[in-house]
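Colleague: I have this one open for the first time. Can you walk me through it?

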Amino acid sequence: MRIGRARAAALTITICVSVLGALAGVLAGPLPLVSRAMGGAAAFGAALLPVLRRGWSGRALRDWTRARSVSEALKSEVYLSLAGAGDYRGDVHSARLREKTDAVRGDGSDLLRYQVGIVSVHRELPPVDDVSSYFAVRVTDQIDNYYRRRAGELQVRLWWFRATEIALAVLGAAFGAMAAALGGPFFAPWIAVVATITAALAVHVAATRYEFQLIEFLRTADRLEQLKSAAVAGGSVTELDALVVSAESVISIENQGWMAKLAEDSPEQKAADG
């Protein structure tokens, strides 16, 4: 995701600017030319940050969120049509599907400019033709290959961020102790560097809503598992039809929830606006 890459790049640049700025100060006496080069690089990185911020805030974020919403809505309608559930029961000639997809695409017609220069990849329709295949293909794939897999990735990512924050806290305390015990100009700048990096990591984690997404992914996977078990147990045509509609509703609500959360003003944006 371009927004995620922009945020990761901004975090990396923030860390590099902090380190280079400190090194420029420390090396100003013994290595003035190296110090100037590092200072220039730090200044360039600091100037680049506002440019990157536009990649994940404001209109860029709103348009990406809407585009993702349109994509997920089209996918949902296609799966419901293939399963013949909900409004699509008896829609033999796909007239209802055309009507709904045309409406969804119309709502996002102003986003078509982002398709310029992009060549779409042809994909076969998923092998879904009834309620049973819907749960076997659509729901099982969402549970195993998306929600639970993403939840596992987020857990690992959060662990690394938390471990890094603890390590930085220990490092900052060590620099502070050495500055107090030994004095001199060497250790003091690194205390500020560690504090800056720690704050940048905390803001990054908050802005990406990792914890929120983790909870939502696990909750959605569990709810879909319940619906899948109910479908396997069987029932009347009406009951199975309702299970398919419920499953798509769960997926849709989850998508809308995390996209709405992502579209909220990030900590970086609030700081910039404040």
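Modeller: Start with the contacts in the chain that have a separation of 6 or more: residues 24 or more positions apart account for 78% of them. Contact means heavy atoms within 4.5 Å.

Colleague: What kind of model is it, and how are residues numbered?

Modeller: This is a predicted model, in which local features need pLDDT of at least 70 and side-chain atom pairs count only at pLDDT 80 or more, while totals for chains, interfaces and linings use all residues. Residues are numbered from 1 along each chain as its sequence is written, and side-chain values use heavy atoms, with hydrogens and water left out.

Colleague: How many helices and strands does the chain have?

Modeller: The chain has 9 helices and 0 strands. Both are DSSP runs numbered from the N terminus, helices being H or I with at least four residues and strands E with at least two.

Colleague: And what share of the chain is buried?

Modeller: Buried residues make up 35% of the 274 residues. Buried means under 20% relative accessible area, exposed over 50%, and partly exposed in between, with a 1.4 Å probe and protein chains only.

Colleague: Pockets next. What is the volume of the largest pocket?

Modeller: The volume of the largest pocket is about 1,800 Å³. On a 1 Å grid over the protein atoms alone, a pocket is an open set of points where a 1.4 Å probe fits, with protein on both sides within 12 Å along at least five of seven lines; lining residues have an atom within 4 Å of a point. Grid points are joined across faces, edges and corners, and the volume is the space filled by probe spheres set on the points.

Colleague: Which residues lie nearest its centre?

Modeller: Ser 71, Leu 74, Gln 115, Ser 120 and Arg 123 do, out of 37 residues that line the largest pocket. That lining divides into 18 nonpolar, 8 polar and 11 charged residues. Ala, Val, Leu, Ile, Met, Phe, Trp, Tyr, Cys and Pro count as nonpolar, Asp, Glu, Lys and Arg as charged, and the others, Gly among them, as polar.

Colleague: Which helix gives the most to the lining?

Modeller: Helix 3, with 12 residues. Helix 1 (2–26), helix 3 (58–83), helix 4 (95–107) and helix 5 (131–182) each supply at least two residues of the lining.

Colleague: Where does Leu 74 sit, and what is it in contact with?

Modeller: Leu 74 is in helix 3 and is partly exposed, with a relative accessible area of 24%. Leaving aside neighbours within four places in sequence, Leu 74 is in contact with Thr 101, Val 104 and Arg 105. Leu 74 and Arg 105 are 31 residues apart in sequence, and their C-alpha atoms are 8.2 Å apart.

Colleague: Which residues of helix 4 are buried?

Modeller: Leu 97, Thr 101 and Val 104 are the buried residues of helix 4. Seen down the axis of helix 4, they fall within an arc of 60°, so they line one face of the helix. The arc is that of the directions from the helix axis to the C-beta atoms. The face turned away from the buried side of helix 4 carries the exposed residues Asp 102 and Asp 107.

Colleague: Switching to Gly 172: buried or exposed?

Modeller: Gly 172, which is in helix 5, counts as buried at 17% relative accessibility. Setting aside residues up to four places away in sequence, Gly 172 touches Ile 191 and Val 194.

Colleague: What follows helix 6?

Modeller: Arg 209, whose phi is positive, near 55°.
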